[in-house]
Amino acid sequence: MSSQYSTPIGLVFVFNLIIGPGSLTLPAVVRETGWLLSGLVIALMAFISYITFSFIIETITITNSITQLRKLQMMKSVTRVLKSLPQVSSVNYDRISNASTDSYNSENESPIFDNPVLPTSSSLMDFPPESVELLSLDNRIELGEMVTVLLPPFAKVFFFFSISGYLFGDLSIYYKAIGQSLVDFTCDYKSNNNSANKSNLCWEDSSYTKHEIYLSYLLLYIIIIGPFTFFNAQKTKYLQVVSFFIRIIAFITMIGLASIRLLSPTQKHGHTPTANFIAMPQLIGATVYAFMCHHSIPSVISPIKNKNKILLKVAAIFLLVFTLLMCLCMTGVFAFPKVNELYTINFTPTQDTGSFYRLIDLILILFPVLTISISFPVIAITLRNNLQVLFLPSDAHWAWKRIFIPLFSLITPVLLAAFVSRLEVLVSIVAVYAGTGIQYATPALLVMAARAEIPQQVAAIKNDYCSPFKSKYWPICILIWTVICVVVLTISLISKELN
């Protein structure tokens, strides 16, 4: 493995993947859905998301055993051919064995066996696989490779459409969150009372509306960040650690400020019902998006040095995220009489805000910009790469790969962000048709296929990374839940358009 990091760093990656801009849309939908119903639904969705997370971990190990055994079979076939040739009958098979194994010790491959030296003589023909190493998470196997190995060809098309659709929507939401945050950061406090009104002037003595400034910020962001889409960029672990602390501090600050407001008898407080089932589809859509991290699991988990009890440690991260989200939502819906679709906007300072709290509020407004900008280039590059795989042949002209596809990856999401007025609607659309495919359907189908295709050589060996949800009914239940989510959310979106 060319780059590894400790378990805490890996868990920081997982935390940052979950805590994104989607979490900032939850307080608004919780206020509409009701505190009790929202708490139960968010807990259920977090639990289901963890189940599918564990499915992907198990599938990685089984897919690894399948691919490594195929490589071993190829080595055996080469040995048979060499032994059958008279002119190479005296070949030293020990050297062949050692050379073959050394090839797995390169930078891009992990060794199949614990012992780097295979048995002596021509025993490649009868060499047994080492099950502990075959059932491993050390080799990075991306979702696309798992789909290719385990599922039929049409599933690959479905997967790439799902992940490209999700990344496309993700970038649109990123644009939307960044544009709104910068508008509320720079516009006069007087004009921030109704940030949803596009005709409001950004500054009292100017002719520029908020929407015009919003579009200007989107264009400026493309100019500054957009060039990264044309190159290869990676998130470093140091940036992830910085981003982790920014997110934790921001969440604790928002929870603290909302709690102070809630305890103040002079401030107006909010109210939310116990349960409102009519608004539940919107909450489901927002929660699917909030707990999305599955597309990057292989990239995040594989470099971890010590993967002992990794699923238990990830469960602790999910519990931490759930606790933070519930504290954020419950303090917000009861502290503010109105909860904005992007929760940080609630902390926009006014003329009556003191200097200290004004500084804190301004930092909170910039919170989405700071955290999103760290991961934005990587998301854009991932979308670009998936579009190339999906639509371009291998011999496509360089201009398509280096100019047109990157431009398409940048411009189309920003157009959607510019013309979709309500952020929670955009979140719901992404969650319905792309998020459920990546977070629910793909892991369930993969683990079902992996358990059916597990090689006989390792089937009886204990898999330390096996999902705790071993029953065959768990993936079926996830698929049923996927259909329910898609049907309910689609009906909800159609009804809103017709009303």
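**Notebook: helix packing, loops and confidence**

I began with helix α1 (residues 7-18) and helix α12 (residues 310-335), which pack at an angle of about 40 degrees with their axes 10 Å apart. Axes here are lines fitted to C-alpha atoms, for helices over the stretch in contact, and angles run from 0 to 180 degrees between N-to-C directions. That angle makes α1 oblique to α12; under 35 degrees counts as roughly parallel, over 145 as roughly antiparallel, 65 to 115 as roughly perpendicular, and the rest as oblique.

Then I listed the contact (heavy atoms within 4.5 Å). From α1 it takes Thr 7, Leu 11, Val 14, Phe 15 and Ile 18. From α12 it takes Ile 310, Lys 313, Val 314, Ile 317, Phe 318, Leu 320, Val 321 and Leu 324. By class, the residues of this contact of α1 with α12 are 11 nonpolar, 1 polar and 1 charged. Nonpolar covers Ala, Val, Leu, Ile, Met, Phe, Trp, Tyr, Cys and Pro; charged covers Asp, Glu, Lys and Arg; the others, Gly among them, are polar.

Before going on I recorded the ground rules. This is a predicted model, in which local features need pLDDT of at least 70, side-chain atom pairs count only at pLDDT 80 or more, and totals for chains, interfaces and linings use all residues. Residues are numbered from 1 along each chain as its sequence is written, and side-chain values use heavy atoms, with hydrogens and water left out.

**Confidence**

I looked up the pLDDT (the predictor's confidence in each residue, from 0 to 100). The protein averages 78, and 82% of the residues score at least 70. Confidence is lowest in helix α4 (residues 93-102), at a mean of 46, and highest in α12, at 94. Over residues 95-132 the pLDDT is below 50, yet this stretch has 67 contacts in the model beyond near neighbours in sequence. Where pLDDT is low, the predicted coordinates should not be read in detail.

**Whole protein**

I counted 18 helices and 0 strands; helices (H or I, at least four residues) and strands (E, at least two) are DSSP runs, numbered from the N terminus. Of the 499 residues, 54% count as buried (under 20% relative accessible area; exposed is over 50%, partly exposed in between, with a 1.4 Å probe and protein chains only). Helix α6 (residues 143-150) is mostly covered, with 6 of its 8 residues buried. Those are Leu 143, Gly 144, Met 146, Val 147, Val 149 and Leu 150.

Helix α3 (residues 35-84) packs with α10 at about 35 degrees, axes 10 Å apart, and the crossing is right-handed. Leu 37, Ser 38, Val 41, Ile 42 and Met 45 in α3 meet Met 280, Leu 283, Ile 284, Thr 287 and Val 288 in α10.

**Two loop residues**

Pro 273 sits in the loop between α9 (237-263) and α10 (280-290) and is partly exposed, at 32% relative accessible area. Pro 273 and Glu 32 are 241 residues apart in sequence and 7.7 Å apart in space, C-alpha to C-alpha. Leaving aside residues up to four places away in sequence, Pro 273 touches Arg 31, Glu 32, Gly 34 and Trp 35.

Lys 309 lies in the loop between α11 (297-301) and α12. I noted its positive phi of about 55 degrees, although Lys 309 is not a glycine. Lys 309 is exposed, at 58% relative accessible area.

How values were computed: A crossing is left-handed if the near helix is turned anticlockwise from the far one by less than a right angle, and right-handed if clockwise.
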